[in-house]
Amino acid sequence: MARVIEYVYRESVVHSLNPLSKLAWALGVMFLALAFNNVYYLLTLLSTVVAVALLGKVLKDLATVFKGLTVFAGILVLLQVIFFQGEEVLFYLLPGHILPVTGEALYMGLAMAVRMMAVVLSFIIFLATTQYKDIILVLTEKLKLPYDYVFMFMTALRFVPTFMAEAVQVRYAQQVRGCPVDSGNPLQKIKAYATVALPLVLISLKKAERLAIAMETRGYGSGIRTYYKEPAITKLDMMVILSTLIFIVLALFLRMQGYGVVQL
Amino acid sequence: MTAAAEPVVCFKRFSYRYPNTDFYALKDINLTLPKGSFIGFTGPTGAGKTTLIKSINGIIPHVEGGACSGQVLLKGCPTGNLSTAEIGRLVGTVLDDPEAQIICLDVEQELVFGLENYGVPPDEMEQRITTALSSVGISHLRHRSTRSLSGGQKQRLAIAAALALLPEVLVLDEPTSELDPLGTEEVFTVLKQLNVKHGITVLVAEQKTELLARHCDQLVILSQGEVALAGTPREVFKHKSIYHLGVALPQVTELALRLNGGRCHLPITLEEGIEFCRALVPGGGGKLCNRSLT
Amino acid sequence: MQPLIDIKGLSYSYEQGQPALQDINLTIYPGELVALVGQNGAGKTTLVKHCIGLLRPQTGRVTVCGQDAAKTRISHLARQVGFVFQNPDHQIFHDTVQKEVAFGLQNLGLPRDEIEKRVAAALRDVGLQHLAQVYPHRLSRGQRQRVALASVLAMQTRIIILDEPTTGQDSLERLQIMELVRDLNREGHTILFITHDMTLVARYARRVIVLCQGRVIADGSTRDVLSQTQLLAQTLLEPPQITLLANRLNGLLTPGSEVILTVDEMVEHLHKVNGGSIDGPCD
């Protein structure tokens, strides 16, 4: 889980793009995904997202993410099937005409699942091909968000893996004292998790204090900042941003004409 | 202490009490730490080592709060009159936990962090990064993720990150306490080099007295917030009260003290220990004691 | 004698490839006091985690007190094996020292008066009885380490495993902990401890196991292992300074003399060599 949102170092066109254009692309994918509910449109969108991952040479690294998303997608489909009442019954989930699966529900579920995958993947590709520092830089310098908040947010992300590792250690430490973390009883389990959460909070506070000292002694917030390498905006970036805009306008137009929308 | 070099850090009747406590963590400290020296601080837990380090890098009084009296002077200027950022240009800090003090995800960025904060012009950064990395011997790790580093490498990165800001003083709070013997050796070798080659003043709190004996020009032993002993390691180890201060002596020193109560030139390193024993044993060929009888 | 811990053909690798343990075979008998040494990443912690079921062997078998550690619940193994983690903060969360120590016993489902008795005894053993009602995070790191140790002691397990019990502590605290460990061993507990401090190993351990890159490269009595200077150099572990000193003086001391482990031994030895007139040359 922790490695899901990590930067993957590769030499690729996608990596060399300006974070701004990648962010625009991800937002564009989100817009298109929300504009349509036709599965074929959405599948086309998803395949372009996968193509970008391929171009960025990070497809393999996203395998675990893909697996997780597929499970989640499956759950989405199942929920639709159970709760959405359609007319055209295809088959029954359980024998004895229990839980009918309708074509409409299946279609809706699939559309939702594909949409979700396209959106989530595009943002993960953005994170996997863009260094944190460049994200910080673009958010603060170009989008004018306050540096302190952006930095805190990104640092929190940076400490997620550390935090997870600590959580494992704490769980171990409680387990060896006979604490039933691995018990099947849900009530006991909740109680047991409190024994993990408390030390974890205390440890994190201590770590945060160290981090604060480390930042303070290295001039954090001391005045005018400079930036080591500002990612340039190239012709390619302009093209990416421009074509994203064109696609969005096109999508709006198609949508208003009634394309790509299925009425159920 | 030696009066030759100009003092870079100077404690003048400095006392400090943490917030919400009623005892002094440091009591009436008077110390003059000369430029270019390598000084070790040791003493039992709670003796005030960490507090002393924090008083030099400005965390006390600027971040911790609490109450202090007296002064800590950095090149003659009281720390109270400087901001932590200003102090940070002069004093680089390394903490004990290699994990918690690394701020960024990759090695290069860790160095860039401080440089950007201080508004160093971008075209100057390249030079500083290369120099800092090579002086701690991790140039080859420049593009690595910080998480993939060993403990010793992480601590050397922390030192490099401090060095990139061109400090005159490095303060380190038990930088090897979480490291294995290999990592410990890496860190101290680097510190010694920085001290000898680049004239950086190294102030290090450390429990491992064998290391301190080998590397320090001066040793300060703290006890219950006060300076109990100060001087060259040999002078300090020779002192009678050392046994009551909860400081482990290097084994060769302990051996010599046990054998003849420190009446001759006291060995503090392995090499000196060998010479010492040669002089003791008939036919050992040692002539050390004849030379430096006290 | 029936071994308490029996490890056969244990191999283990973490997700990211590199094997952490390779074909480990070890037997630990009742009453032993064993030090496990090696650089970070050598596999020490990974190995001991198998002894209490926190990790399950990928190949091989770990038997603890006759039970297959892979098939026994951790909470059940915890009655046989006490485990003190390197960082006491990973476990401490109660608002008094006493409650912290009692926690494990409550998990065992012991009656109240028994718990009270055991907690008091454990705190006395580690010398913290006067701090029973204090908030643990107000204590020093060394004291918190002893709280963690007490909470394991109170469980009265046959085996006690300590992962770097002296990290971050001053010399006096180190000795206190190790003296306590030795006392526990004398009372019949079998002890396995991980450390980097070879001086403590030389002084307290009776058997030393050296791990290097996931393999056991030496296993034997402390004196035997510490005499293998070449082998230790290969793992970049340095024997205690006094041992190095004795080794370097080798030709000078009586030939064929045993390895020197402590300052006491060295003093004695020099007296022997010098016929008792040790301070002669200096006076």
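I count two strands as paired if DSSP finds at least two bridges between them. Helices (H or I, at least four residues) and strands (E, at least two) are DSSP runs, numbered from the N terminus. This is a predicted model: local features need pLDDT of at least 70, side-chain atom pairs count only at pLDDT 80 or more, and totals for chains, interfaces and linings use all residues. Residues are numbered from 1 along each chain as its sequence is written, and chains are lettered from A and ligands numbered from 1 in the order in which they are written.

I looked up the UniProt record, an unreviewed entry; it lists "domain: ABC transporter" for residues 9-249 of chain B. Such annotations may be inferred rather than shown by experiment. Over residues 9-249 of chain B I read 37% helix and 24% strand.

**Open sheet.** Which order do the six strands take? I traced β6-β7-β8-β3-β9-β10 in chain B, with mixed pairing. The edge strands are β6 (91-94) and β10 (226-231) of chain B. From one strand to the next, the twist averages 15°.

I checked β3 (residues 38-42) against β8 (residues 201-205) of chain B: they pair in the parallel sense over four bridges. Gly40(B) has Val204(B) in β8(B) as its bridge partner.

**β1, β4 and β5.** I then followed β1 (residues 7-17) of chain B, which runs antiparallel to β4 (residues 67-74) of chain B, with seven bridges. Ser15(B) stands opposite Ser69(B). β4(B) and β5(B) form a hairpin with two residues between them. In its turn, Lys75(B) has a positive phi of about 50°. Leu74(B) stands opposite Cys77(B).

Terms used: Axes fitted to C-alpha atoms, helices over the stretch in contact; angles between N-to-C directions.
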